[in-house]
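Please find below a colleague's note on the model under discussion.

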Amino acid sequence: MKKRRNRFMALGMAAALGLTMAGCQSTQESSKQTDASAPVSESKRQEEEQVKTEEKKTEQTGETEKTEKEAKTEETVLSIWLATYISDEDKKKPQEEWPITEICNEFEKQNPGVRVEITLLPDQGAAHQSYKAAALAKSGPDIINLWSGQPIFALKDVVLDISDMIPPEDKENLMGWDVVTEDFKEGGKILGYPAAGSEICGFIYNTDIMKQAGVDLEGNPPKTVDEFLTMLQKVKDTGILPIIADSAGVNSLFTMDMATWWVQKTSNEDIAAESKGEKKFSDDENFKNAFRVTQDMFQKGYVNEDYASSQDALSRFLKGDAAMLGGVTTGILQVVRESLGNDKAGFYTLPDYDGNVLKSNTAIGGSGQVLAVANYCPNPELAVKFCSFLSNKQNHLKLLQNYPMLPLRKDITLKELGWEGDSVMEKLYDIAQNYSYWTDNSMVPDIANECFSLGTLAVTGKMTPDELAQKLDEKVQELQ
């Protein structure tokens, strides 16, 4: 049996190969210098033999190059830079057994003459810049796995508008087209396929601690902001910290949880406009109100005092130091359930901010990933065909088996996921169909980063929400 080639590369391998070749060349030169010290007659005989050997090598090389050239002429290579679709469980197995490998093998089987080459991205954040540089030189991949929202919007000049190439059934069954559509505007350019899966943000809670506090988050959850705050006080009165979270450099408690109340009142399109100077944060009372509530929670002792510097919120939560773990996504839920037990871990999302919201019963989340096609790709239809194939129901289910994400497809059922009868997963499944997209990915990256750092100061009371909004507007002007 022919040995299967390794389709995976790490970014930067080409440079390493270049260094290896340079080393071989240096060794050959050294050998030539050593041979020069032989006697003249012997040297002449060796030289004649060397000429014959080289001529033979040249003939063999010519035949090999001809064969390789013919093979390459018949073969279409589809190159992909990938950061997702490979789980921690996958990494424990040989690459041939990874689901993504099996999917690529099947795609090649169904498309004779096509070879899929995948380069694994070690740093997806840095890949946005490295891809842009490669794209400008038209030397990058055919398909690139980047972040959705503003990060991909910023690369609109080097990725392809695939609006007219997407099969109608994909548009119907896949969620997330809104977050890969330029500036979130309906009818705008679609810059890629929503990828990997969906995540939902919220609070993971310890059911035992909540019961001891007399709180029933499943049967009788808070339905208003005031009821939510009253619930936190009730937990605090038992001597238990209501919420523990790590800011983690992204102000996670606000970004992943409390910002729900911002995006419920201010659309992603308007948030994007504020980050570009088309509107002002200072004029957005919804933004400031969401921060005011979060700051109030911190000042009343509902959140750990070391929120800004904490790095061990998860372990402390698992030890029972707090009733709720904030600033997390559904991706961490399985870890908690495995530690505490399925019946000891619940998932809670915030109530509506008021009775006049853009979207009710929602939470921050959605697809943070996109598969984009390079604007220089010689076979764009083939690239879109691969994205579609990767996203079909069968393959999406295969990838979700050990990848901690919620489905992006609307036609995948709870039963097919094995979640039927699991109240927590049933709840998340429903919310995932009604997500509110990440506010940080709605802002241009520089403003999102500024909001991360200054926002933590606002949460911990070192800056007022009004001052935060003013600082962000100033930063926007500075970047103009």
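This is a predicted model: local features need pLDDT of at least 70, side-chain atom pairs count only at pLDDT 80 or more; totals for chains, interfaces and linings use all residues.

1. Leu358 belongs to the loop that runs between β9 (345-348) and β10 (364-366). Its relative accessibility is 57%, and because exposed means over 50%, Leu358 counts as exposed.

2. Leaving aside residues up to four places away in sequence, Leu358 touches Val263, Gln264, Lys265, Thr266 and Ser267. For one of these, Lys265, the C-alpha atom is separated from that of Leu358 by 5.8 Å, with the two residues 93 apart along the chain.

3. A charge placed over a ring also deserves mention. Lys359 lies over the face of Tyr435, at 5.5 Å from the ring centre.

4. The aromatic pairs number 17. Among them, Trp177 and Tyr193 form an edge-to-face pair, with 5.0 Å from centre to centre and 70° between the planes. This pair links distant parts of the chain, 16 residues apart: Trp177 is in the loop between α6 (168-173) and β5 (193-195), whereas Tyr193 is in strand β5.

5. Are the two partners of this pair buried or exposed? Trp177 has a relative accessibility of 11% and therefore counts as buried. Tyr193, at 0% relative accessibility, likewise counts as buried. The cut-off behind both assignments is under 20%.

6. Ring pairs also connect several aromatic residues into a cluster, made up of Phe203, Phe228, Trp261, Tyr348 and Tyr353.

How values were computed. Residues are numbered from 1 along each chain as its sequence is written. Side-chain values use heavy atoms; hydrogens and water are left out. Helices (H or I, at least four residues) and strands (E, at least two) are DSSP runs, numbered from the N terminus. Buried means under 20% relative accessible area, exposed over 50%, partly exposed in between (1.4 Å probe, protein chains only). Contact means heavy atoms within 4.5 Å. Rings of Phe, Tyr and Trp (its six-membered ring) pair if their centres lie within 6.5 Å; planes under 30 degrees apart count as stacked, over 60 as edge-to-face and the rest as tilted. A charge sits over a ring if NZ of Lys or CZ of Arg is within 6 Å of the ring centre and within 35 degrees of the ring normal.
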